[in-house]
Amino acid sequence: MTFRIDHVVTSGKFELDGGSWDVDNNIWLVGDDHEVVIIDAAHSAEPIIEAVAGRTVRAIVATHGHNDHITVAPELSERLDAPVLLHPGDDMLWRETHPDAAHGDIEDRQRIPVAGTELVLINTPGHSPGSCCLYLPEAAVLFSGDTLFSGGPGATGRSFSSFPTIIESIRERIFTLDPGTEVRTGHGDSTSVGVEAPHLEEWIARGS
């Protein structure tokens with residue numbers, strides 16, 4: 001494998017439904033020494049641009065449209081000359097943060113080439129209608145956004161979210177991957193499919 005995965009953490013506010021929470025976000029960069037795809041554009045542009053380190057940015061992919069994952073997407077798009085891609089199911093969330101900026105659309109099973117490999121987009125609604133994961137088959141790595149965390153599913157208690165839907169997405173679209181698949185999340189620690197899958201029924205019993 002000639003590609004590598006870089007990790008940036010930025011801090012700021014998640015805001016929805018009139019509430020505001022302090023959060024730390026994971027930003028993932030998949031590429032090589034020449035080109036890269038950025039997964040999420042959280043809070044601050046400079047640390048992300050520093051991690052890009054002059055490489056060509058093929059795309060800035062948002063795992064979903066909550067403000068803390070797209071904060072600086074238009075700024076990065078302009079400064080790095082790269083398209084912002086978001087599932088259209090989250091258009092309404094995008095407009096809450098960036099009413100005057102456009103984004104490109106991505107769709108389920110779309111392939112995003114970078115550094116001689118491909119990221120496969122998997123639509124995993126529940127946390128939001130347009131929530132997506134990005135799967136890197138060559139490395140057995142899944143970038144799960146806020147769909148799956150170490151210890152359970154993403155939150156579903158706010159607008160446009162659904163606990164039954166996120167459970168179905170996790171069961172049918174993530175836990176069907178190889179148990180050895182590493183899961184790199186939108187917040188907090190990484191985990192794996194094999195570590196999380198045995199707990200699905202516990203989460204269902206616990207509820208949202």
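Strand S1 (residues 4-16) and strand S2 run antiparallel and are joined by 13 bridges, where strands are DSSP runs of E with at least two residues, helices are DSSP runs of H or I with at least four, both numbered from the N terminus, and two strands pair if DSSP finds at least two bridges between them. This is a predicted model, in which local features need pLDDT of at least 70 and side-chain atom pairs count only at pLDDT 80 or more, while totals for chains, interfaces and linings use all residues. Residues are numbered from 1 along each chain as its sequence is written, and side-chain values use heavy atoms, with hydrogens and water left out.

**The hairpin**
- Val8 stands opposite Ile27 in S2.
- The hairpin of S1 and S2 has 2 residues between the strands, and Asp17 takes a positive phi near 55 degrees there.

**Aromatic pairs**
- Rings of Phe, Tyr and Trp (its six-membered ring) pair if their centres lie within 6.5 Å, with planes under 30 degrees apart counted as stacked, over 60 as edge-to-face and the rest as tilted, and this rule gives 3 aromatic pairs.
- The pair of Trp28 and Phe143 is tilted, because the ring centres are 5.9 Å apart and the planes stand at 50 degrees.
- Since Trp28 lies in strand S2 (residues 19-31) and Phe143 in strand S10 (residues 141-145), this pair ties together parts that are 115 residues apart in sequence.
- Trp28 is buried, with a relative accessible area of 5%, where buried means under 20%, exposed over 50% and partly exposed in between (1.4 Å probe, protein chains only), and Phe143 is buried with 1%.
- The rings of Phe175 and Trp203 have their centres 6.1 Å apart and their planes at 45 degrees, so this pair is also tilted.
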